[in-house]
Amino acid sequence: ALNPKTGAVLAMSGVKHNVESGELSSDSLGTITNVFVPGSVVKAATLSSGWENGVLSGNQTLTDQPIVFQGSAPINSWYTLSYGSFPITAVEALEYSSNTYMVQIALKMMGQPYTPNMTLQVDQVEPAMKKLRSTFAEYGLGTSTGIDLPNESTGFIPKDYTVGNYLTNAFGQFDNYTPMQLAQYAATVANDGKRVSPHVVEGIYDNNDQGGLGQLKKAIETKELNQVHISAEDMALIKQGFYQVANGTSGLTTGKTVGQGASVSISAKTGTAETTVDGGKQAINTNVVAYAPSNNPKIAVAVVFPHNTNLQATVSHSITRDIINLYNQKHPMN
C-alpha cells in the first residue's frame, strides 16, 4: 500500500504458505523480490500503449469478438462464448476486462489489424513488444520502482518470446511483476500518470539526550521518475474504467466485490492469471490493483493471491477492500 502522491510506503506485507506442512510465515520482503503473472490488471497499460503508438483513438469502439488465426485456437474474453460478439469502448474494455480488445491493439501495433482467419506475420513482433514493454515501464512494470531497499526484482521479462507470448502479454499472461511494481502502477494511475519512487524512510533524525528520536535532519522528498506519455483526456478514460470496474452495474462488471461494503469510493482493476501447482493442478493468481477515494486518491494498493486452487474465489477483492477500509478508519479520507 502506497501514498500515490508522495510514494510513501504505507504497508508491505507478505505471507508464505508451505503447502506440505501447512505452515504460514511472514514474507514482507517478498513484495519486492517475488514475481507473479499479473493477469488483466495490466490492461490500462496496454490501452496506454495503443494511444502512445497511434493505433487507438480516445474511447474508441472495437468489436469484442473471438480472435481466430489460421491454424490456432481462438483467443476469447471470459464472456465471449456466452455473449458472442458486440461493440465495446476502451472504458468498457477495462470494466468488462476484455482480452480481445487488448489483442486487437497489439495486432495494430504490429501493423496487422485483425481480420478473421488472418495469417500472422512475425517480422514486427520484436519492435511491437519493445513498444508495449516501454509503455508498461512508464507505470513501473518490468523496471525498477526506485524503492529505497536493496535486492528489488525488476520482474521476469523474458528475452525470448513468440508472437503468441506477445499477444497474451497484452492481457497480462507472459511477463511477471512484483507486488510493489503493481502497487506503483496503481499509484501512477491514481496520480494522473506521474510515477514516483516508493520509499520506506520518512526522514533522517538526530538522537536526543536520552538516545531517542531527536530533531529532523533530512526529510525524504517525493521523487518523480517520469510521466506516462498519454493525454489528460486518455488518462481520464483509464480512471473512468477503474471506477467502473468496482462501481459498474453491468452484468459483465468484473470488480463489484471490491466495492461492496467499502467505506469510500474505490477504483480498481482485477486480474486472474492461469498457473499450475505441484502435480499439474490448475490454479490462478487472483490479483487486484486499486486506489481510493476515487476522486482524490490517498492510498494505492496491490494485492496478489497466487496459486489459488479455488478458481471462483474473489479473496483478493475482499482483502483489497478491507485494507482500504482499515486505512480509512485510522486516517479518514473523506
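The legends below describe several close-up views of one predicted model. Residues are numbered from 1 along each chain as its sequence is written, and side-chain values use heavy atoms, with hydrogens and water left out. Because the model is predicted, local features need pLDDT of at least 70 and side-chain atom pairs count only at pLDDT 80 or more, while totals for chains, interfaces and linings use all residues.

**View 1. The largest nonpolar core and the contacts of Y101.**
The largest nonpolar core has 69 residues, and those with the most contacts inside it are Y101, Y139 and Y166. A nonpolar core is here a set of buried Ala, Val, Leu, Ile, Met, Phe, Trp, Tyr and Cys residues joined through side-chain atoms within 4.5 Å, where buried means under 20% relative accessible area, exposed means over 50%, and partly exposed lies in between (1.4 Å probe, protein chains only). The largest share of this core, eight residues, comes from α8; helices (H or I, at least four residues) and strands (E, at least two) are DSSP runs numbered from the N terminus. When its neighbours within four places in sequence are left aside, Y101 is in contact (heavy atoms within 4.5 Å) with L47, L56, Q60, L62, I88, T89, A90 and A93. Apart from this core lies another, of 13 residues, among them I266, V288, A290 and V301. In soluble globular proteins, nonpolar side chains tend to be buried together.

The largest pocket has a volume of about 1,200 Å³. On a 1 Å grid over the protein atoms alone, a pocket is an open set of points with protein on both sides within 12 Å along at least five of seven lines, a cavity is a set of points where a 1.4 Å probe fits but cannot get out, and lining residues have an atom within 4 Å of a point. Grid points are joined across faces, edges and corners, and a volume is the space filled by probe spheres set on the points. Of the 29 residues that line this pocket, the closest to its centre are G14, V15, V304, F305 and P306. The elements giving two or more residues to the lining are β1 (15-17), α1 (30-33), α8, β11 (299-308) and α11 (315-330), and the largest share, seven residues, comes from β11. By class, the lining has 19 nonpolar, seven polar and three charged residues, where Ala, Val, Leu, Ile, Met, Phe, Trp, Tyr, Cys and Pro count as nonpolar, Asp, Glu, Lys and Arg as charged, and the others, Gly among them, as polar.

**View 2. The second largest pocket.**
About 770 Å³ of space lies in the second largest pocket, and of the 25 residues that line this pocket, the closest to its centre are W78, G271, T272, I284 and L311. Two or more lining residues come from each of β9 (267-277), β10 (281-292) and α11, with β9 giving the most, five residues. The lining residues divide into six nonpolar, 17 polar and two charged.

**View 3. The cavity beside α8 and β5 residues.**
The structure holds one cavity of 30 Å³ or more, and the largest cavity has a volume of about 50 Å³. The elements that give two or more residues to its lining are α8 (179-190) and β5 (194-196), and the largest share, three residues, comes from α8. Among the lining residues are L2, N3, Q184, K194 and P198, and by class the lining divides into five nonpolar, five polar and one charged.

The structure holds four salt bridges, each a side-chain nitrogen of Lys or Arg within 4 Å of a carboxyl oxygen of Asp or Glu. In one of them K239 pairs with D192, the closest N and O atoms being 2.8 Å apart; this pair links distant parts of the chain, with K239 in helix α9 (residues 232-247) and D192 in the loop between α8 and β5, 47 residues apart. K239 counts as buried at 18% relative accessibility, whereas D192 is partly exposed at 46%. K130 forms a salt bridge with E126, with the closest N and O atoms 4.0 Å apart, and because the two residues are four residues apart in helix α6 (residues 125-138), they are separated by about one helical turn. Here K130 is exposed, with a relative accessible area of 56%, and E126 is partly exposed at 48%.
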